[in-house]
Amino acid sequence: MMNFFIPEGQLRWLSGCYFFFFAILGALIPYLGVFLEHRGFNAAEIGFLMAIFMGTRIIAPNMWAMVADRTGRRAELVKLGSLTAAVGYLSFFYNGGFIYLALSLTFYTFFWNAILAQMEVITLETLGAQSNRYGSIRSFGSVGYIIWVIATGAVVKWFGPEAVLYVGMTLFAGLFLCSMPLQASRTAATAEFVAPLRFTKPIVWFLLSAMLLQASVGPFYGFFVLYLKQVGYSEATAGVFVAMGAMAEIFMFAIAPRLLGRFTLRALLMTGMAVTAVRWLLVAFVPDNMLILALSQVMHAFTFGLVHASSIQFVHRHFDKHHQSKGQALYASISFGVGGALGNWISGHIWGDGSSAWLVWIFAAACAVAAMLVVLMLPPEDQNSPAKRKLAIAA
């Protein structure tokens, strides 16, 4: 189980970085669709703009991982990225039309999406032998998400969709301020020969399944609040539902090490994807039932919590020590980047005028089922050995 505490020194500032990074996610992703609709964009345009939000994850983490691996200046890159993202976000205040907002989103989300992988590496380097404390540091991100997804919903209800701009600017400033005290960490270059990264069949199947699952989650990020508004819920109520998912995610992070020690990665991934398919079907057919809708949100513990914890273990086991940073970046860019962007873009076209909104969730469920079937292609040897199970439990 995770120990929740106020960490010391560098870890305190890293906790703050996680808090504000995911607070931005909670404030912008669920309500950006509402904001863009208020600005007069149609569903296809909203889907495209939301795809940019996810799509910059395709390139940014990989580019910055290469720079970080060569220079070791991870803390400096986090500071530079958070500052540039905050300054770039100012361009979002001007209502310059579709092309202008597309360029604005591309610029500031590129730098924002680039820094998370570096934060992860800095955190693990700082923890050293106490890497089992990672969950307690990362949980500050979930707390930030919960607080600000609810708070932003209330702010939008009271002051209108344009208030999203000011909430976002406040959070970007907070991220930059928390990054400033991070200590420089320079890793000396090594003369050791490093073999090039090999894309084995397990890695290829895993990345394909991760992409399909995030394509399934794409509609949730881009259209869930709009969908609930269509059903009759307010933005504030929608924010509470979204926050339920983040709360369930914290619980799953707490018990994931024990699950990883008891079951195979393939079984855990398939379980999370199967529950995700059921979740979207519930959203499609019974969104007006608050209890069932709440249950569908609790299932986020499986959609993200269980699948993400299992995926991090997969990356750790299948990428050697010289390619761990590249593995993290690849996982983020292919799944959250390519998958998330495709999910948002396709959903925007399915949504149309909103009369067939429920079909978006059928598409999402189909992607989750496809992801589960791809996981079946992982070879039997990908199962946890007794030694790996002990390691997972210890973590």
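Which residues does Gln 183 touch, not counting residues up to four places away in sequence? Gln 10 and Ala 75, where a contact means heavy atoms within 4.5 Å. Here are some notes to go with the model.

1. **What you are looking at.** This is a predicted model, in which local features need pLDDT of at least 70 and side-chain atom pairs count only at pLDDT 80 or more, while totals for chains, interfaces and linings use all residues. Residues are numbered from 1 along each chain as its sequence is written, and side-chain values use heavy atoms, with hydrogens and water left out.

2. **Confidence.** The average pLDDT (the predictor's confidence in each residue, from 0 to 100) is 85 for the protein, and 87% of the residues score at least 70. Please read two stretches with care. Over residues 1–6 the pLDDT is below 50, and this stretch has 16 contacts beyond near neighbours in sequence in the model. Residues 382–395 also have a pLDDT below 50, with 24 contacts beyond near neighbours in sequence.

3. **Overall build.** The protein has 15 helices and zero strands; these are DSSP runs numbered from the N terminus, with helices being H or I of at least four residues and strands E of at least two. Of the contacts with a separation of 6 or more, 85% join residues 24 or more positions apart. Buried residues make up 57% of the 395 residues. Buried means under 20% relative accessible area, exposed over 50%, and partly exposed in between, with a 1.4 Å probe and protein chains only. The protein exposes about 16,200 Å², and carbon and sulfur atoms supply 69% of that area; accessible areas come from the Shrake-Rupley method with a 1.4 Å probe, and for residues only the protein chains shown count as cover.

4. Two cavities of 30 Å³ or more are present in the structure. On a 1 Å grid over the protein atoms alone, a cavity is a set of points where a 1.4 Å probe fits but cannot get out, a pocket is an open set with protein on both sides within 12 Å along at least five of seven lines, and lining residues have an atom within 4 Å of a point. Grid points are joined across faces, edges and corners, and a volume is the space filled by probe spheres set on the points. The largest cavity holds about 440 Å³ of space. It is lined by 25 residues, and the closest to its centre are Phe 22, Arg 57, Leu 116, Phe 304 and Phe 336. Several helices supply at least two lining residues each, among them α1 (9–38), α6 (134–159) and α13 (324–351). By class, the lining has 15 nonpolar, six polar and four charged residues. Here Ala, Val, Leu, Ile, Met, Phe, Trp, Tyr, Cys and Pro count as nonpolar, Asp, Glu, Lys and Arg as charged, and the others, Gly among them, as polar.

5. **The second largest cavity.** This cavity has a volume of about 50 Å³. Its lining includes Phe 206, Met 273, Val 307 and Tyr 331. Helix α8 gives the largest share, four residues. The lining divides into six nonpolar, three polar and no charged residues.

6. **A pocket that also involves α8.** The second largest pocket contains about 160 Å³ of space. Of its 13 lining residues, Glu 37, Ile 46, Leu 226, Trp 351 and Asp 353 lie nearest the centre. Helices α2 (43–71) and α8 (201–231) each supply at least two residues, and the largest share, four residues, comes from α8. The lining has six nonpolar, four polar and three charged residues.

7. **A buried asparagine.** Asn 113 lies in helix α4 (residues 97–114). Its relative accessible area is 5%, so Asn 113 counts as buried. Leaving aside residues up to four places away in sequence, Asn 113 touches Phe 53, Thr 56, Arg 57 and Pro 61.

8. **Two exposed residues.** Gln 183 lies in the loop between α7 (163–179) and α8. With a relative accessible area of 53%, Gln 183 is exposed. The C-alpha atoms of Gln 183 and Arg 74 are 9.4 Å apart, though the two residues are 109 apart in sequence. Lys 201 is in helix α8 and counts as exposed at 68% relative accessibility. Its C-alpha atom is separated by 8.5 Å from that of Pro 379, 178 residues apart along the chain.
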